[in-house]
Structure formats: C-alpha cells, structure tokens
Amino acid sequence: MAEKKVRFVIERQDSANDKPYIQEFDVDYRPGLNVVAALMEIQKNPVTVDGKRVPPVVWECNCLEKVCGACMMVINGKARQACCALVDEIDQPIKLQPARTFPVIRDLLIDRTRMFEALKKIQGWIELDGSFESKDAPIQNPYTAQTAYEISHCMTCGCCLEACPNVGPQSDFIGPAPTVQAYLFNLHPLGKFDAPKRLNALMEKGGITSCGNSQNCVEVCPKSIKLTTYLAQLNRDVNIQALKNIFDN
Amino acid sequence: MFHTTFYVRRLHSLCGLFVLGMVLFEHIFTNSMAILGPEALNGALEMMELIPKPIFMGLEVGGIAVPLLFHALYGIYIACQANNNPGRFGYIRNWNFALQRWTAWFLVPFLIWHVGYLRFYTKGVTGTPISWELLYNYFQNPLVVVLYVLGMFAAIFHFSNGITTFCMTWGITKGPRSQNVISVISMCLCAVLCLITLVFMGSYLVR
Amino acid sequence: MAKDMTKKKIIIVGGGISGLLATIKVCELGGEVDLFSYCPVKRSHSLCAQGGINACMDTKGEHDSIYEHFDDTVYGGDFLADQLAVKGMVEAAPKLIKMFDRMGVPFTRTAEGTLDLRNFGGQKNKRTCFAGSTTGQQILYALDEQVRRWEVKGAVKKYEFWEFVKIIKNKEGICRGIVAQSMNTMEIKAFKGDTVILATGGPGQVFGRCTASTICNGSAVSAVYQQGAEIANPEFIQIHPTAIPGSDKNRLMSEACRGEGGRVWVWRNNPETGERERWYFLEDMYPAYGNLVPRDVASRAIFKVCEHMKLGIDGEHRVYLDLSHIDGDYLKRKLGGILEMYSEFVGKDPREVPMEIFPSVHYSMGGIWVDRLHNTNIPGLMASGECDYQYHGANRLGANSLLSAAYSGTVSGPEAMKWAKTGNKGSELTDAEMEAARQEVQNEYDKILQMNGSENAHKLHHEMGDLMYKYVAIERDNNGLDQGLIELKKLLKRWDDIGITDRGNVANQEAMFVRQLRNMILYAMAITKGARMRDESRGAHAKIVLENGQRKHDKDGELVFMGRDDERFMKVTIVNYDEKTEEPIISYRDFDHSLIKPRARNYAVAKKE
C-alpha cells in the first residue's frame, strides 16, 4: 500500500545563536492538507525521512483561519501564512524557512516584537478620554469607513516586512504595515485630531522616508491591503505636514 | 524637532529629478548634435563656451558638482539600506527597485571616470577643449564605447525610473493605475533616450 | 524615580477582548496591570468572532427594545442564565457599542453613516452591529491599541508568550499571585498581584477539532479548578451549526451568512410526490424563525438530517449553506472576509456555488463559577469572558459572545480594583512562599522533561477529541457518557506514559503541551460528568431517553429526547475537584431567575412573552 506522501524540507535552528540545519519529513497526503496541518502531523510522529526521532518542529500558530497572523513563515521562498498554504497548490518538496527579517527564536518561530514596538512609534490609537459612554460617536462617511475597515484588517503577520528589501538589520525602516496603520487612525473622525503627531512621527528616522517603492508589500499582503496606495497617500500627507511645519511656525 | 532624515531624503529626490535630470538632458541634447555631423556638435559646444567663464563655473559647481556629489553620497547611504531581493520576489517594481540601486552603483565609478578624465584632466589640466574630433578619437577604443553606452543607459534608466518613484514619494500618483501609467510613460521615455544615445554614439563609429 | 508602592497591581491572564477591556478599566482607575498571554494579545482568539455584537440600537424602525434583547437571551439560553446578570449586560450593550465606535472600531455603516445592523439567530429584530464579517478582529484590535497606549504610559506591562501555570494563595487561602512560565526561554517565575483576573477563553481544544484557535485549551481554567475554583455548567458546549469541516480545525462560517439571507438545504425525494427537490429543512421544521433558529436547534436539525435521515451531501456529514442567490457585491461588502476564507480553504466561490458545512464545537457556555461581579469562590481570583459561566445559560445566542466578553471586562476590571483597595486580602505573600510556589511548578516541569514513556501527547489529544465528539457532542445519552468517563480516565492513566523527544530549554512547545494536555483531560472529565448527571435536555445539552439500556425511539422511529426538567435542573451545575480521585464532584446551585418566568422554548412558532 503505497500511500501518497508529501515531502517537507525544513530549515531548523535550535536557538537564536545556533547554526541553521535542514531536516526532511514525509507527511501522509490528504485532500485539503495545509502546511500547519502537516506540521501538526509531524508533532504526532516527529521522525525524519532518515528514520531519526527528533524534537518536533517549533512554530507559532493560533487561529488557522488566516486572521491571527501568527503562522507567517517562508514557504518555497515566499513569505505567507502557513495555515492557508494548501499542499495541492504549491510545488513539492515544500521548503519551510523562518522569516529571517526577524530574529529567529527556534526553528520557524520568530520574534516580531519590532512590529508592535513600531505601532507605539506611530501612536496607533485614538486618544480616548475613557472607556465609558460620553456622547454619541460621530457619524462617519461610509466610504471612508470602508477604507478604514480594509486597513484595519492588517494582522501584523510581517509578510510585508519579510518581502520589503528596505526592512532588515541594514536599515531602520519600521516597515510598510506599521506605517500604513498611521493612516487608519488619521481617517477616524476623532483620530484625525492627532494626525499631525502621527505624520511627524512618520517623518522621523526609520519612518516613511525609508520606503523605497519596491512595492513588494502590496504583492505579498495576505489581506490584500492596498499598502502602496496608502503609502502614497501618507507621502502626500507628510509632505503637506512638512510644509506646515516650516511655514506655520 | 527637525526631521533631518526626511528633509534630506526629499532634497535627494528633488535634486535627482530636476537638477541632475536637467544635466542629463543637456548632455543628451548636446551630444545628439553629433548625429548632424562634426560641425553641429562643435557649434553646440562653442555656443556653451560663449557663456562667461565665472557664470559657467558657477553653473558647473552649483548646478552639477554639488547636487551630483550630494545625490551620489546620500544615494550610497540609501542603497546600503536595501537588501535587494528580486530573485525571491520577482515583481517588476522590485526589479526596478534593484536596478535603480545597481545602476547607481555602476554610475558612481563611471561618473568619477567620466568627469575626472574629460572635465578635470582633458579640459582642466591639459587645457584641450572638448570637440567632436576629441570624442571621435576617444571612441576609437571599443571598451570606452561600451562603457559609455552602459553609463548612459544606466543614467537614463535611473532617471526614468526616478520619475515613477518621485511621483510616489511625493504622493502625486496614489493608486496603482496612475502609478502604472506614469511607469509606462517613463519607461517609454527611457527607451527613446536610450535610442537617441545609441544613434549618436553610433554616429562616431560609422564615420 | 522611586516606584509608587501604593499603586495597585492587577494580574490579568489572557489578552482577548475581556482581558483587554478589564486592563483598560484598571488603568483608568489608576491601577497597574501585568498582562499575561500565550501570544501577542493582538493574536488572541477573540479575533475569530465574525458575525457581530448584539446591542439594542433600534435604528431600523423595528421598535427593538432592551427588554426584547433581554428576553431573547434568556429564552435562547433555555432559562439557565442568571437573569440579573443578563439584564446588566443587555442594558450596557448600546453604551459599549458607542464606546467602541469612538475607539475606532470600523463598524459597517449605512449610507447615512450610522451603524448598520443585521439579523442574527434567535432574534426577530435587527440587533447585531458588525464590521463586515470580522467583528471580533476589529474590536480586539481597537482594544489592543488602547492597551498599547496604556503600555506606553507605563501602566501596563505585557508578558506575551508567557503561560499561566497556577495561582498562589496565601495562608488564608486568598489568591495573591500566579506562577507563569516563559514560552521562549522556559523560565518559571512567580508574580505578586493584588487581584488576579483570568480571562483565558474557552476550552474548545478539549474536543480536538473545533472552531477555536489552537491556544483555546482551557488549561488555565482547569488549573484553577484543580486549585479549588468551582466550575459551573461545563456540560453546556455550543455546537455551531455551520463550520467548514477540516482535519486540522473546523473553520467557522458565521451565522451572519444566514443573517444576510443564507439558506440551509439538502437534496431529498419529496415524501408526497417522490420528486427530487431541494429541502430547506430549517425553514420547513421551524417556520417562524426558519434559517435563523438558535445554534443548538440548527445543529441538532442538521445532525438529524445527516445522521438519522442519511440525507447529507453524498451521504456524508455535510449540508449546503447557500448564498448563491444573493447579489455578489452585497455579499462582498457584508461578508467579504469569510467568503474569501471559504474560497481560500475550499477552493470554491460561495457566491457561485453553495457552501458545504457541518456543525462543530464552538463555544463553552460553562466555565469558572463567578458571581455577578465576576468573583470566583476563591477570594482575590476573578474570571471574565468565555472562561466564566455567566450570561448564556444553556445556549448562547449568536453575537452575544462579543457582548459578554466586552461587558464582563468592564465589570471585572473595576471590581478587581475595588478588591485590591478594600478587599480583605489577608497576609502578603512572603518571598519564601513565592519561591515555594515557583519551585513546585519547576519540579512538575522538570518531571515532564524526564518523561520517557511510549505515548505521544498529540496523538492522545487527538484521541480525546474523537471520544469527546463521540460521547459528549450534539446528542448525548447516559450510556455514552458513562463510557466517555471511563475512557477519559484511561486517557489520564496513559498520560503518565507519555514520552517526549524535546528536552531542550528553548521554546519547548512539546513539554508545555504535555502539561496542558493533563489539564484538558481533567476538564473533559468535568464536562462529561456534568452532562452525565443532568438528566434532562436543555439548550445545547440534549439527552436521549434510554429504554432497556437502548436509545428510545417513538412510533415514527424518531429518537426520544428527555424534556426540560425545571423542577430538578433549573439549577447551575457546580463542579468541584476531588484531589484524591482527581474526579469531578457535581452539585447544584440556585441562581436568579426572578424576572422572566420560564416557558417552553419552541422556535417553530413566534415567541410569546
């Protein structure tokens, strides 16, 4: 009984400072199999193709529905979510690597703290007076709200940072995702009040000026957020803000 | 707070497109006279000699040397921030992004050689004026021709792609459609300028 | 600057909607929060909530009222919810929505720019505010942003990728801290706090494949249960009628599909004419509510159609959920996110062809017992969100979970501060007590690292899921539940024989899972025992009558279910942990049902009050 197998070539690393190495695993094929499900099978039977029993592969995942952003990894060279990477739709053997734009903790597990730190830099929040009922919320233009909804889908997965040639140890660019989030808050009728603060933050080192328009971000965004469109809009806003900074003072 | 990075980067963009763009156009325009023959080119070169020396020097320093040095030096800094990856992410814009930086790396030594040999050594040290005949002799060496064609192509691509990214950086083109239109137009411009370059470079060879 | 020692320190475990809202409330009251989570809080399971959040906004000219919302919730919960608690929640709902709106949640809007509302199961009025089909994600993100703001101000310290292991009690038995372990460095540490709030979500993973995230394992709830916290109503597990079955997980297809006009059907031969036809069985069985019957009712109907009538698609456990008759652009705007998900995982466009779905374990109505202010029976320990048992009774209405998560956070946060300031907290934890608690966890963990048996923890987990689905899911009977308990006990034995391959000290996910698995098995026993002891059908708990040890059928061959027994079972199941036998002890407790008199629950006819 020759069951169909799927070969996984996984780049592993025992800790942040260890050298990476490759291990290969075979997983029984089944229809609809995705990369996370395959990694789960490896957990149940962590034996390499050479018959060696090894510690199961370490990676991060939560929702398996492509909304949490946790399971981003480099699959056959492309940064994407592993949960929706269907084995049927990608070339085999399937090569899994950690997204090395970020520090690797172990195997495919990476440290994306920098993305959350960047959200602090751009002041990604509404300055709410308090979590109580104070008044009716302002009415919003439904079209603007739809744009906000689109941007608000960003799940901080890091695909765009992994793909962006300007993000990495050689640069201080905070990356497309956090940059574009600034626009989300600038769109909100209350968030607007602090738009100049956010734009000024984007003008700082590592902000929007570090964008080199390679436009990889928009190609790889798993949520199809029109990142480059909003980056251009932010560029426009930032330029106007710069003029204001010069002439209003 | 004064956002140095921001203003310097924007200045880099402005000076690349407008000042160095002008210089490039001037070079292509003047040199394209060679197509019409030695007299035309020499005439154009002599026309420039009519500009009073101090003003000409001023233009050369303020309009070429300073912007070029700034654009090149800061450009090196920018290029060093990129980890080009068109091999992994082979989208057109990413190729252009990488080419923008690769052409820049080529242009730095090329321009040092070009300015150093023709402007400083030939014109400055030996005092020989630039003329059709001088260039004709210079281009007898096929290596020089190849390097000059490559240098011109690199400069033209760098400039044309610069138009596209300039429009993004300044928020002029926002949506993908307008960005594509500008990109196509500037690539057409790139093709036309490259063609002109080929023709005037070729005009030396056929004579 | 010296640290302000008078500041109250609240430990909050769990960074979903409830935990984050509690965090914000604590910060606003001047407290400090240590926030623990398995993952960056922005990746918490709350983001999987799709359809919306119920609040009586009454902006659709339907004369909706808060009372109506109240009654729908109590009726939908088959009269097992604490009515005063529910009343508080539904009254607060519209205020919460307005607050979320100010906070920047991008709710879907009408052409006028006001909040749009949609239909949802078990409710006749449009009452569900929504942000496309990713409402939970949007609310969670807005709260995450606010908490980040407090983090920048220094009031919140996040411990992301830290696993809560257990609480620390002082001499008087009052909860004064926790022990947690870093999931990356494996460091184990004890933390002091004036109050501890658990907001750790549901136990979906107990069933293996479910709609929950991989992190929703109920391990924390089980840990405090083993330390003396009472569990209430664990047998009430909601099975969501519409999920995409999968081998790794069942992916939720929001009730919003039906709210926006989706219809559920299968092929059948018309009993009278014999013609092959589409049978819209929910509309047929429940004319008043049709496709929008509550989840327990819909799930049982789908199960019956597939399992007993054998009418599932190709004889399998699948039925059609059909949106293909609705305008594609409208669908994209209202349900975009989940339709995209279906296309992505199944490869077919729901706007063109009907989706194939089947019920799946989805939510736990039960959880840690709490009073109306979310205090557990252990002083100083609170529970908030899905991990508590409040608000939903025997069945939760769709879009009430986001509401209960949010509302519970607004209650537990301030209450935690009140306890921290004025509660009778007893003696401070000494360093020796802290170290002893830490060492105990360290020893347990070291023991796990040494496990050298023949079982694989993940395989055991899979088996547990299978057996829970077999015995404790949509249709239960006492034979099965007894058998389930026996098998769970065997599983607990086999846990001792686990062997692990990973003995490393960096991100050792295997060792952590082994610890979680034991907690899950113990919680599964609580669910099963609770179900075994409740001899009635109520809400999500449907039990078949046994006759001579066999399932009883009526003269038409239909299964006979036990009726609701208000006399004996209109009571909250209380589960205590027996340390000696490791088994659950069941008792029953009265609750407040003073406002609405119980009446029969029948969705075939319009509700009468």
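Predicted model: local features only at pLDDT ≥ 70, side-chain atom pairs only at ≥ 80, totals over all residues.
Residues are numbered from 1 along each chain as its sequence is written, and chains are lettered from A and ligands numbered from 1 in the order in which they are written.

Chain A comprises 8 helices and 7 strands; helices (H or I, at least four residues) and strands (E, at least two) are DSSP runs, numbered from the N terminus. Along the principal axes, the C-alpha atoms of chain A fill a box of roughly 75 × 40 × 30 Å. Of its 249 residues, 67% count as buried, where buried means under 20% relative accessible area, exposed over 50% and partly exposed in between, with a 1.4 Å probe and protein chains only. Among the contacts in chain A with a separation of 6 or more, 61% come from residues 24 or more positions apart, a contact being heavy atoms within 4.5 Å. Of the 2 pairs of chains that touch, chains A and C have the most contacts. No contact joins chain B and chain C, and their closest C-alpha atoms lie 20 Å apart.

Within chain A, helix α5 covers residues 176-187. Helix α5(A) is mostly covered, with 12 of its 12 residues buried. Among the buried residues are A:V180, A:Y183, A:L184 and A:F185, as well as A:T179, A:Q181 and A:N186.

Helix α1 (residues 4-32) and helix α7 (residues 176-206) of chain B pack at an angle of about 40 degrees with their axes 9 Å apart; axes are lines fitted to C-alpha atoms, for helices over the stretch in contact, and angles run from 0 to 180 degrees between N-to-C directions. The angle makes α1(B) oblique to α7(B), because angles under 35 degrees count as roughly parallel, over 145 as roughly antiparallel, 65 to 115 as roughly perpendicular and the rest as oblique. Helix α1(B) passes α7(B) in a left-handed crossing, that is, the near helix is turned anticlockwise from the far one by less than a right angle, with clockwise being right-handed. On the α1(B) side the contact is made by B:F25, B:I28, B:N31 and B:S32, and on the α7(B) side by B:L193, B:I196, B:F200 and B:Y204. These residues divide into 6 nonpolar, 2 polar and no charged; Ala, Val, Leu, Ile, Met, Phe, Trp, Tyr, Cys and Pro count as nonpolar, Asp, Glu, Lys and Arg as charged, and the others, Gly among them, as polar.

Helix α7 of chain B also holds B:S183, which counts as buried at 16% relative accessibility. Leaving aside residues up to four places away in sequence, B:S183 touches B:R93 and B:T164.

In the second pair, the axes of helix α3 (residues 53-80) and helix α4 (residues 92-125) of chain B come within 10 Å and cross at roughly 150 degrees. That makes α3(B) roughly antiparallel to α4(B), and the crossing is left-handed. The residues that meet include B:F56, B:M57 and B:E60 of α3(B) and B:R101, B:W105 and B:K123 of α4(B). This contact divides into 10 nonpolar, no polar and 4 charged residues.

In chain C, helix α12 (residues 457-471) packs against helix α13 (residues 478-495) at about 170 degrees, with axes 9 Å apart, which makes the two roughly antiparallel. Their contact residues divide into 9 nonpolar, 3 polar and 3 charged.

Several loop residues complete the picture. A:S131, in the loop between α2 (113-121) and α3 (142-151) of chain A, is buried, with a relative accessible area of 4%. Not counting residues up to four places away in sequence, A:S131 touches C:I24, C:K25, C:E28 and C:M99. A cis peptide bond, with omega about -5 degrees, joins A:Q92 and A:P93. In chain C, C:K310 is a residue other than glycine with a positive phi, near 55 degrees, and is exposed, with a relative accessible area of 58%.

Conventions
Heavy atoms only, no water. Expected span 1.5 Å × (residues − 1).
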